[in-house]
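Trainee: Please take one part of this model and go through it closely. I would like the contact between the chains, followed by what lies behind it.

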Amino acid sequence: MKYNYYPGCASEGTALANYHAFLAVADKLGIELNEIEDWNCCGATVTSSVVGEFPAQVLAARNLALAEKQLPDHDIVTTCSSCYAILGLANKKFTEEEFNQNANEALKEDELQYSGSLNVRFLLDILANDVGPEKIKATVQKPLEGLKVAGYVGCQSVKALRNDYDDPEYPQAMDNVIRALGGEPVEFENSNKCCTGALALSAPDITLSAVHPIIDGAAKANADIIVTPCPLCQMNLDAYQAKANKKYQTNNTLPVLFITQLMALAFGLDKKTAGLDYCIVSPYNKLSNWA
Amino acid sequence: MSGADVVRKYDPEFTKKVYEMDNGKWVKMCMQCGICPTTCTLKGIMDHSPREIIQLIRAGDKEQVLKSNTPWMCTSCYTCSCRCPRGVPMMDVMHDLRHLAEEEGNITNQTHMAKVYYNDVAKRGRIWEGGLTMKYGLKLGIGNAFKMALDMQDVGMAMFKHKRLAVFPPKGVKNPAKLRAVLDKAAALAKEEG
């Protein structure tokens with residue numbers, strides 16, 4: 001298993017934990033990652049509102065072109081929901097002849113071209129379909145026995161490119177990973193509601209009103225921890241949890257981990273490799289058996 | 001002012017302009033079934049539901065559409081487009097409307113945020129999340145920036161303490177000038193295509 005790896009900007013800052021944990025987990029699973037050299041920001045969902053749709057898609061496509069040049073015939077994997085949606089949607093456009101032609105004309109300015117030959121895939125897709133639950137199970141050294149895990153998948157990774165690898169309304173891929181690790185996935189209220197993503201900075205009160213019912217839903221289902229694959233979901237549920245408690249007079253202390261961090265712990269890796277110190281709500285109490 | 005005194009202007013040119021935008025064809029596709037507001041994350045905060053926005057575009061009510069907070073409150077969660085019987089990618093329509101609102105000078109906090117974000121992409125090729133917060137604060141003006149810093153100091157400090165806000169920018173792309181050339185070329189091609 002060998003992939004072009006697109007880390008995305010969050011992996012260099014707010015989601016450093018995900019970056020390091022994924023590299024360690026991939027190594028354990030025998031996944032070879034070739035980080036796309038000189039990758040650029042995918043543009044997220046904000047760029048098209050500033051420059052329009054086409055330039056935003058070309059910005060994303062520069063990464064696809066780099067990947068096709070550096071490691072042809074290997075899929076691109078990304079660990080960020082937003083990057084996945086943006087790169088995946090841009091990739092699909094290359095089947096349209098006019099788009100393909102125009103995008104390549106723009107990419108020529110950086111001596112690049114892209115034929116559309118690669119697939120863009122999300123971490124959970126790789127885990128579900130390429131690695132598979134058996135391999136994950138076989139890699140586990142400290143099964144997560146007795147750990148109740150609220151899996152919060154978030155929106156963009158399942159809803160942007162539909163009919164892809166998971167059900168957009170009732171996603172299962174991450175719960176299957178939790179099961180393979182020996183943990184117990186719990187169903188909880190508001191698990192499919194949006195955390196409001198990037199509004200956290202420009203409209204924090206709105207984000208608080210959205211993260212509160214999600215965290216509270218997980219707490220009411222007696223979850224020990226929340227797990228997510230998405231950098232923005234992780235940040236909003238973790239960094240805004242204390243503020244949401246204050247505003248809504250709750251007392252939730254639910255650690256929020258990336259799924260990669262939880263895998264690292266179950267694979268017997270130490271707490272430093274799992275990046276537990278990056279968590280704002282302390283995970284050490286709930287995860288004392290594994291960290 | 002009573003309702004009867006309000007003169008609403010309808011501008012068919014505005015409708016045409018939206019139809020010609022990247023996702024204008026989808027505005028025509030909407031059948032007003034009302035699924036989108038029932039699924040929308042922030043419908044309670046929007047001053048017009050996504051369905052209403054579509055109808056206002058068709059009516060040519062430029063003012064209501066462009067001053068609405070709806071496009072800016074869309075979180076791009078893609079839930080409505082999942083459930084839309086006609087597959088309308090509503091968030092893409094909303095992105096078009098943001099672009100149009102900005103051209104018309106309707107500026108919101110989210111406009112500032114988008115601008116700051118894009119400037120970082122164009123300058124460095126990658127986002128420096130720590131710097132983004134500061135630059136966004138400066139855009140708001142000193143008074144608002146101070147208020148934001150005060151409101152958000154707990155979140156900011158927690159992020160900083162857990163080493164999640166890079167104090168210095170991580171490296172960008174090797175040749176940002178070439179990246180800008182790609183973006184400029186793409187913008188020029190988009191303009192040509194109309």
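Mentor: Start with the count: 54 residues of chain A and 52 residues of chain B make the contact (two residues are in contact if their C-beta atoms, placed from the backbone, lie within 7 Å). The model is predicted, so local features need pLDDT of at least 70 and side-chain atom pairs count only at pLDDT 80 or more, while totals for chains, interfaces and linings use all residues. Residues are numbered from 1 along each chain as its sequence is written, and chains are lettered from A and ligands numbered from 1 in the order in which they are written.

Take chain A's side of the contact. Helices (H or I, at least four residues) and strands (E, at least two) are DSSP runs, numbered from the N terminus. α3(A) gives the most, with six residues. By class, this side of chain A has 27 nonpolar, 14 polar and 13 charged residues (Ala, Val, Leu, Ile, Met, Phe, Trp, Tyr, Cys and Pro count as nonpolar, Asp, Glu, Lys and Arg as charged, and the others, Gly among them, as polar).

Now zoom in on α3(A). Its axis and that of helix α12 (residues 176-193) of chain B come within 8 Å and cross at roughly 145°. Axes are lines fitted to C-alpha atoms, for helices over the stretch in contact, and angles run from 0 to 180 degrees between N-to-C directions. The crossing of α3(A) and α12(B) is right-handed (left-handed if the near helix is turned anticlockwise from the far one by less than a right angle, right-handed if clockwise). From α3(A) come A:F54, A:P55, A:V58, A:L59 and A:R62. From α12(B) come B:L179, B:V182, B:L183, B:A186, B:A187, B:L189 and B:A190. By class, this contact has eleven nonpolar, no polar and one charged residues.

Of the contacts in chain B between residues at least 6 apart in sequence, 60% join residues at least 24 apart.

Chain A is assigned two parts: domain 1 (2-122) and domain 2 (141-278). These bounds come from an automatic or database domain assignment. The C-alpha centres of the two domains lie 24 Å apart. Between them, 22 residues of domain 1 are in contact with 23 residues of domain 2. On the domain 1 side, α1 (16-28) and α4 (81-93) of chain A give two or more residues. The largest share, nine residues, comes from α1(A). That side divides into 14 nonpolar, seven polar and one charged.

Next, the sheets of chain A. One open sheet of four strands runs β2-β1-β3-β4, with parallel pairing (two strands pair if DSSP finds at least two bridges between them). Its edge strands are β2 (32-35) and β4 (120-122). The twist averages 40° from one strand to the next. Three bridges join β3 (residues 76-78) and β4(A), and A:I76 stands opposite A:V120. α4(A), named above at the domain boundary, also lies across β1 (2-6), β3 and β4, at about 155° to β4(A).

Another open sheet of four strands has the order β6-β5-β7-β8, again parallel in pairing. β6 and β8 (256-258) are its edges. β5 (residues 148-151) joins β6(A) through three bridges, with A:A150 opposite A:V186. Helix α9 (residues 173-180) packs on this sheet, touching β5, β6 and β7 (225-228).

Finish in the loop between β6 (184-186) and α10 of chain A, where A:N190 lies. A:N190 has a positive phi of about 70° although it is not a glycine. A:N190 is partly exposed, with 18 other C-beta atoms within 10 Å. A:T196 sits in the loop between β6 and α10 too, with phi near 80°. A:T196 is buried, with 26 other C-beta atoms within 10 Å.

Terms used. A residue is buried if 20 or more other C-beta atoms lie within 10 Å of its own, exposed if 12 or fewer, and partly exposed in between; C-beta atoms are placed from the backbone.
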